[in-house]
Amino acid sequence: MTRKRLRSLIVFSFLVVLVLAAGITLRNFFLAQIREKIQSIVRFDSIQLRLFPPSLTIDNVQTISGTPFFSAQQVKVGLPLASLFRSEKPLTVVVEKPVVRVEPRPEAGTPPGQVGLSLSLPFVLKKAFVRGGEFYYDSSASTFRATGVQALFEEKGEGFLIKAKLEDSSLQLGEGRMPLQGRVQLRIEARGNQLEVKKFVLS
């Protein structure tokens with residue numbers, strides 16, 4: 001190996017190490033900022049940030065207090081690498097085994113101790129997947145539960161599309177009434193203020 005080639009190899013190796021070190025420093029900086037924001041509303045076991053391709057993974061998420069209650073085995077947010085050079089940054093979100101519980105409060109306003117999260121980010125939700133979810137709604141007038149929820153939210157032009165399958169569901173409107181139960185397949189399309197149910201199958 002010639003001396004010139006050896007020198008070039010050393011310079012290249014140094015640049016690679018420098019880029020990797022800068023990437024780790026940048027990742028740790030962003031991770032600290034994200035962790036600080038998220039910890040104000042949820043607790044979690046671990047959080048990981050990857051720069052290439054950009055993605056954020058949070059394990060065993062759970063809201064701290066208040067309603068609605070939310071928990072999930074894992075939440076992963078991904079961003080296509082090419083979108084870093086565009087003004088619009090489409091996010092893809094995958095939520096594994098989420099549980100949502102909603103109990104409407106009679107009083108208005110934010111309950112004491114509940115903290116809100118306000119972020120202004122140049123992102124748009126392109127796709128969201130829900131796998132193995134559960135949903136519970138309980139009020140004085142009605143109750144609803146759904147388990148085995150598989151759902152897709154997808155941006156579609158100026159609107160969005162929702163596809164969902166509920167392996168088991170139960171809706172009860174008023175005390176003493178017979179609940180409506182069964183498996184549900186649902187497809188909804190929305191544009192502006194218009195919402196259209198394209199498919200609803202109860203079996």
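This passage describes the fold, the surface and selected residues of one protein chain.

The structure is a predicted model, in which local features need pLDDT of at least 70, side-chain atom pairs count only at pLDDT 80 or more, and totals for chains, interfaces and linings use all residues. Residues are numbered from 1 along each chain as its sequence is written, and side-chain values use heavy atoms, with hydrogens and water left out.

The protein chain contains 1 helix and 11 strands, where helices (H or I, at least four residues) and strands (E, at least two) are DSSP runs numbered from the N terminus. Read from the N terminus, the order of the elements is α-β-β-β-β-β-β-β-β-β-β-β. Of its 203 residues, 23% are buried, a term for a relative accessible area under 20%, with exposed meaning over 50% and partly exposed in between (1.4 Å probe, protein chains only). Among contacts (heavy atoms within 4.5 Å) with a separation of 6 or more, 41% join residues 24 or more positions apart.

The chain exposes about 14,400 Å², and carbon and sulfur atoms supply 59% of this area; accessible areas come from the Shrake-Rupley method with a 1.4 Å probe, and for residues only the protein chains shown count as cover. A nonpolar surface patch of about 380 Å² is formed by L180, V197, F200 and L202. Such a patch consists of residues with over 30% relative accessible area and no salt bridge, nonpolar side chains (Val, Leu, Ile, Met, Phe, Trp, Tyr) being joined within 5 Å and like charges within 9 Å. A salt bridge is a side-chain nitrogen of Lys or Arg within 4 Å of a carboxyl oxygen of Asp or Glu. Strand β11 (residues 194–202) gives the most to the nonpolar patch, with 3 residues, and V197 lies in this strand.

T63, in strand β3 (residues 54–63), is buried because its relative accessible area is 14%. Apart from neighbours within four places in sequence, T63 is in contact with I41, V42, R43, P68, F69 and F70. K156, by contrast, belongs to strand β8 (residues 142–156) and is partly exposed because its relative accessible area is 41%. With neighbours within four places in sequence again left aside, K156 is in contact with L161, R187 and E189. The C-alpha atoms of K156 and A190 are separated by 8.7 Å, although these residues are 34 residues apart along the chain.
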